[in-house]
Amino acid sequence: MTGGSRTQVVVIGGGQAGLAAGYHLRRLGVDFVILDAQSTPGGAWRHAWDSLRLFSPAAYSSLPGRPMPLQAGQTYPDAGHVVGYLTEYERRYDLPVHRPVRVTGVHHDGEFLRAETDAGVWRTRAVISATGTWWRPFLPAVPGRADFRGRQLHTVEYRSPHDFAGQRVVVVGGGNSGAQIAADLAYETELTWVTQRPPRFLADDIDGRALFDAATARRRALEEGRTDTGGVASLGDIVAVPPVREARDAGRLKAAPMFVRLDRDGVLWADGTRAPADAVIWCTGFRPALSHLASLGLRGVRGHIATEGTRAVDEPRVHLLGYGDWTGPASATLIGVGRPAREAARDIAGLLA
Ligand code: FAD
């Protein structure tokens, strides 16, 4: 695609959030395109480590309109199953996804917005940004990180315990990624699992279903002016999916507190204790991938853009979808993104009218 194309809405990103937006835009009869930097469907799920399992059963992992089918023999589907589901979803609803197209910047252009890409320019009346977080891994600034001679990687680069067989590995992070990767490595490596505070496992019978219910209860409480229930965060940090539960119950998931620095050979705690290491895996989270919106100069704090619901406070033609609770409760989950996607699509349809 070269030269200038026109459409009413450009959706940036063709992962689950972009597809959910497309579903609702189509239902409202809005003209739109989805521009996705990947060459094939599936968004971040294409890049997950081999053993990753959803923390919810398929029935609780569906986008609007089309329930996720069960995966044979699995209560908690794997990432490949999600990629298959998203591939089928965009085909089923005939969503106009253009790939690979990377949006490099969104600019004001009179009554239009202009999306500049590595495959030409789109003029549009509105933008839904749905670019996720996987593409901006976060690593904390820990002293000595540059001195360490072993291998350092982030969650996004981890694939399988076989790559570390027999090695001394330090896994940093007390969230779901840290716990799942530590559990994955617990049998084949000499593992040190490090968390900033003692790990908070959710009760074994709590999974993504209960998390979604907690997020919904919180949204309702806040909407009705009742006391904040604390939502998901009040329950704990780590869903005890079967591999995590097994490793924990086998006594292989004992967490050490956070170390204070690295040196050439490993990590060191304040009391002088050290753990020599061949590799350090940073499961320390993500930031929203928003650099393509920098050209609009929208205000925000801590890497976020100020929003009301999904709409950017400073630019009502721009919506942000997915990313985290700040763009809608549970909006960074498969089941949670449908509702904010519908609200964004309706808001834009109103604007266009
Ligand atoms: P993505 O899947 O990242 O899709 C964004 C798309 O936008 C990508 O294709 C990307 O290439 C593209 N893009 C980025 N920048 C540009 C650009 N400038 N121009 C064009 N395209 C661009 N959720 C659940 O519901 N259940 C779970 O069990 C679960 N487990 C998770 C486990 C891990 C380890 C992680 C990290 C997340 C998990 N999530 C889970 C959360 C969430 O569902 C996923 O992160 C999901 O991938 C987010 O979808 P998205 O569409 O917002 O972003």
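## Exercises on a predicted model

The crossing of helices α3 and α5 is left-handed, that is, the near helix is turned anticlockwise from the far one by less than a right angle. The model is a predicted one, in which local features need pLDDT of at least 70 and side-chain atom pairs count only at pLDDT 80 or more, while totals for chains, interfaces and linings use all residues. Residue numbers start from 1 along each chain as its sequence is written.

**Exercise 1.** Describe how α3 and α5 pack against each other.

*Solution.* Begin with the elements: α3 covers residues 176–185 and α5 covers residues 242–249, where helices are DSSP runs of H or I with at least four residues and strands are runs of E with at least two, numbered from the N terminus. Their axes lie 9 Å apart at an angle of about 60°; axes are lines fitted to C-alpha atoms, for helices over the stretch in contact, and angles run from 0 to 180 degrees between N-to-C directions. The two helices are therefore oblique to each other, since angles under 35 degrees count as roughly parallel, over 145 as roughly antiparallel, 65 to 115 as roughly perpendicular and the rest as oblique. Finally, name the contact: A179, Q180, A183 and D184 of α3 meet P243, V244 and A247 of α5, with contact requiring C-beta atoms, placed from the backbone, within 7 Å.

**Exercise 2.** Work out the strand order of the open sheet of 5 strands, and identify its edge strands.

*Solution.* The order is β7-β14-β8-β9-β10, with parallel pairing, and two strands pair if DSSP finds at least two bridges between them. The edges are β7 (151–154) and β10 (255–257), each of which pairs on one side only. From one strand to the next the twist averages 25°. Helix α3 lies across β8 (168–172), β9 and β14 (279–282), running at about 165° to β8.

**Exercise 3.** Find the strands that pair with β17, and state the sense of each pairing.

*Solution.* Strand β6 (residues 120–129) runs parallel to β17 (residues 315–320), joined by 3 bridges, and V127 stands opposite V318 in β17. Strand β16 (residues 311–312) pairs with β17 in the antiparallel sense over 2 bridges, with E315 of β17 as the bridge partner of A312. Together β16 and β17 form a hairpin with 2 residues between them.

How values were computed: Contact = placed C-beta atoms within 7 Å.
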